[in-house]
Amino acid sequence: MKQTTLQRFLTSSQKKNQPTGLNNTKVSNDNSLIEEKKIEIQYIKPAASFQKEEGVKVIKEQVVENVQEKPQQLSRLKRNSIVDSEDEQEKKEVDQNELKIDKFTFVGSQEKNKEKKSLAVFIKQDNTKNNTKTSQKQKKSECDKSGKPLKQSAKLEDEEIDYSQENKQGNLDFRHPTDKINVYEEFDDVTPKWASIGLSRDKSGKLHGTSDADPTTLLIPQSDFNKLTKCMQQYWKYKSENFDKIIFFKLGKFYELFYEDAYIGNKYLDLNWMGRKMHTGFPEKAVHKYKALLLEYGYKVVIVDQTETPEQMNQRVTQNKKTGQGNTDKIVQRQISEILTKGTYLYEEGESQMNLDEKVLLVIRKKIISNAIEEYGIAILERQTNTISLAFIENRDKNYESLKTLLLHMRPVETVIDQHNLPSHDPITKMIGGSVIQSVISHLTASQDNWDEKKALFRLEQYYQNEFPPAIKFYKNNQVVLQALNGLFTYLNYILILDKVLGCARFKIYNEVFSLQQCMILDSQAIYHLEILQTTNSVDKKDYSLFGVLNKTVTPGGHRLLRRWVCAPLYQVDQIRERQAMVCDISNFRKERDLFRQSIKQFPDFERRCSRIYEYSIKSESKAVFYENLSEQRLKEFKSLTSTLKLAQEEITLFGQLQINFKSERLRKMMTFEANGGLLPNVQEQLNEFEQYIIWEKEKDKEIPKPVPGVLDTYDQSIAGVQLVQQKLDNYLQQIKKILFKNNGNIQFVHTKFRYEIEIPDELVEKSKPEDFEFTSSRQGYKRYITKEIKDMVTELEQAEELKKQQLNAFGNFIFKHFQSNQSVWDTLIKILNELDALCSLSVFGDTSEGKMTMPTFNTEKTKLVIKEGKHPCLSNINFVSNSIDMGEKLCKFQLLTGPNMGGKSTTLRMVCVLAILAQLGCSVPCEEMELSPIDRIFTRIGAKDYLMEGKSTFYVELEETLIPLKYGTKNSLFITDELGRGTSTYDGVAIASAVMHYLIKTIQCRVLFATHFRILVEEAKLISEVTNVHMACYIQDGKVIFLYRLKEGACEASFGINVAKVVGIENSIITRAEDMANFFENKVQKNTEQTLQKFNQIMKEYGIV
């Protein structure tokens, strides 16, 4: 960083950041402002604070007394609801005590992914209370202290509200709360009926819950809106435009939640009720915690901030009244500063339950080419790093395998669709919202502007001036991909972060990561069947998936990189051998490796931290007023980041002292500085430049960042301005002490209720206190006062401090911008750190696993897969029997596997695939020896399941999963299948299994493990030279089957299915009958082989498999 660059920026920024003078004219606050302050006071001196279970009971016990002793008074937060005419009130004569809310019913569905609207369902019950007594209470409550009648809240119509309508707010399957609350007894102010479930409508007048209603908007009758206070008009204005979201509404230094949002805050954020209002809140500094919690629950959150202080409001009103133009409402102005969703929020470290994994937002667009061909354009945003991946998928089959694979790789937490382009009944929509992906679905309207591909290019031109990134150039003429990209831009613009994302976005092509030339392909079936990322059943709350067992990383970035490696193992032999060499080098120095891991464990999530700093460099258009000094916080965050980046470089270089002993050239380069021909950037030199311009001064046990004097003239002037006003205050205090109190040393300024209160001993107050001293507060032996002169000087001081804050903000923006300009440097360091962490994880896995671990060897001359005494790495918690397999060396590549039920066939199939994945990851494998030629893709067909949501039967799913290897398999692939054909009749199943076997042998010629119970296939295999029969060994002892779990050559004599029936405990008479029938079928029922093969061909044509 050169000083000339900084000075040139600062000189130009002085003109841009000249503050406008603030008018000192004071205007008294109106009732609206007073009522806002009352809300703040409730936090300082709260009324009764109720615990959730005890509070409800206490309220119910006191409700009668409260109604009689305290008349209901209209407050600014209480809605001025619809007031019925006297005739209408007489006709209704509804006793409010007869309307009971039995419970708040939460309705949600992750599978349907409908955004919930209102969480309170009001259920009417008959009540037999004394009507006369109730009427007396009601009359008293309708009068104030003087006996004058008050306006009444609207009485609910005497009809039962339809609570069968599904709510549209959130995606969580909430349970019924245990506490039953009658909100009409416990609260003076309840949800208006035009916002209640079953009655609310969207802005076009459609009832919420109907298929074509807009869940994001709310229709408020104008007559009712006019009766609301100014503040609540502001609230309902924003709520009506974001009805499917939780509103955090800023009042002073606190964020408030009202009505249904308040109930959610009370129930799930543990926020206390504000007296007798459906109203909760929390301090400004806690906003990160609470919004992260709601996002994890699947809600969306809108932050409504103040854009002016009360003083600025007074000045605005005074100025506009003089000119006769502009807004003269005496209410603090507000605007939406943030709209937060699960897929776009940049989580703080520790906020998210899935903190280490990417929070991915996916936007998808479909284009129908013909009845058989569909095109999909996909834009994927990884918010942590602001990486945008683009993908194009041409789908020609009904099982959407490529799209399923993408979804399982990326696992989006939120998906944006056009419900007209992908309606709820579309298979893709069902897939996204299904139990596996569980993505929150957000809707973007079908407006042409939202999905216009030309608009996407226009927006990109504003940032790149036609110098598009390679990924954009690649898809520049692809209509459906650009439509998805513009859908992403539109959605980000709607939630107010488009400029932040595009200002530091990185574009890439999704297919580059999982390309066939570089990586082994693991499709959605393989990831699911082999339990690569997660297990179907949790055991002891431990992760026994392949990734869970391999993952020994200690940094968030290493965690994410290893996850990507597991989803896409290497394919090129030279790359595999290079990674093997790196892992072996690290394992040779275990002590140094463990020290390195222990040191980097303390580091933060560098990718997320850097993304936040990059975003700070982008000037925000928000005018939100914050009482916390954001510039100081951001500079502190910047200091923490730069210091840990330096430590990261030190740890890498310290570990790199061993590089002379490393055999891997890449590992040596990763620990060698670029100046010496390596890959490691020297970040310390560049980061030290920033320290030349920032000093850290200690104030009250905390460090405050400031520009070095002389660097920023306007900041220096603002400091002088603050000091000048502070000196004036000190001089004023000295004058008071000298003139009135004879220089008494006990008189001083304190800052309790107000800034710069004069604290005076009680004995002096009685003697010398002037009449213009305004009492503020007291403590034992002292009283505190403030004067008009102090108020004026404090206002002047606050203006000077605001100017100082603005100059510090300008300085921070420049520092952050310059940091972003060197983004490639920091990214290189972070990538090296992440890769070292992932390599150490593979090394630790190999060194700490039980039993023999071997580094596999690769052969490119012959297609083979040979394993000697291999074990499944994820089953170390059980006494696992090792097995050997020879595919392509001495035995055939195609092996027909038979054996008894529960004999270990499925486990052996999975073990072979998992060991192959480990081998191509470049790490040690749990076996004595392993040799293989590279596998380009693993296909799996295991288990029996159906997809009810997609209308697919078990047998249909079997054939779908079988179709994939037949279409995409090559001679370098590996295919495992378990009991193909069992989902239909015996002869149809045998026919399909035999035909598939022949096709794999003659056409695909890949490595196959084909498990079956069909005896006819075993006999047929004996006649085929390219097939080897193998089986899981067992023997009979005392009428019981003893499993050996060992894989041996040859066919198994029987499946011993009846033995499983005995183990389960089925009644003996049934088992005896089954044994008799089994003997009959085996001995008496025979079919001509030629007729069977004809049946095979017929079935194959019918299902169109080959």
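Is N1029 buried or exposed? The views below come from a predicted model.

**View A. Residue N1029 in strand β27.** N1029 is a member of strand β27, which runs over residues 1027-1037. With a relative accessibility of 11%, N1029 counts as buried, because buried means under 20% relative accessible area.

**View B. Surroundings of N1029.** Neighbours within four places in sequence are left aside here. The residues in contact with N1029 are then L896, V1018, A1021, K1022, E1049, G1050 and A1051. For V1018 there is also a polar detail: its backbone oxygen lies 3.5 Å from a polar atom of the N1029 side chain. F894 and N1029 are separated by 135 residues in sequence, while their C-alpha atoms are 8.8 Å apart in space.

View C. The phi of Y1045 is positive, near 60 degrees, and the residue is not a glycine. Most residues other than glycine have a negative phi. Y1045 has a relative accessible area of 36% and is therefore partly exposed, as this class lies between the 20% limit for buried and the 50% limit for exposed.

View D. E869 is not a glycine, yet its phi is positive, at about 55 degrees.

Notes
Residues are numbered from 1 along each chain as its sequence is written. This is a predicted model: local features need pLDDT of at least 70, side-chain atom pairs count only at pLDDT 80 or more; totals for chains, interfaces and linings use all residues. Side-chain values use heavy atoms; hydrogens and water are left out. Buried means under 20% relative accessible area, exposed over 50%, partly exposed in between (1.4 Å probe, protein chains only). Helices (H or I, at least four residues) and strands (E, at least two) are DSSP runs, numbered from the N terminus. Contact means heavy atoms within 4.5 Å. A polar contact is a pair of N or O atoms within 3.5 Å; within protein, one must be able to donate a hydrogen and the other to accept it, and residues adjacent in sequence count only if both atoms are side-chain atoms.
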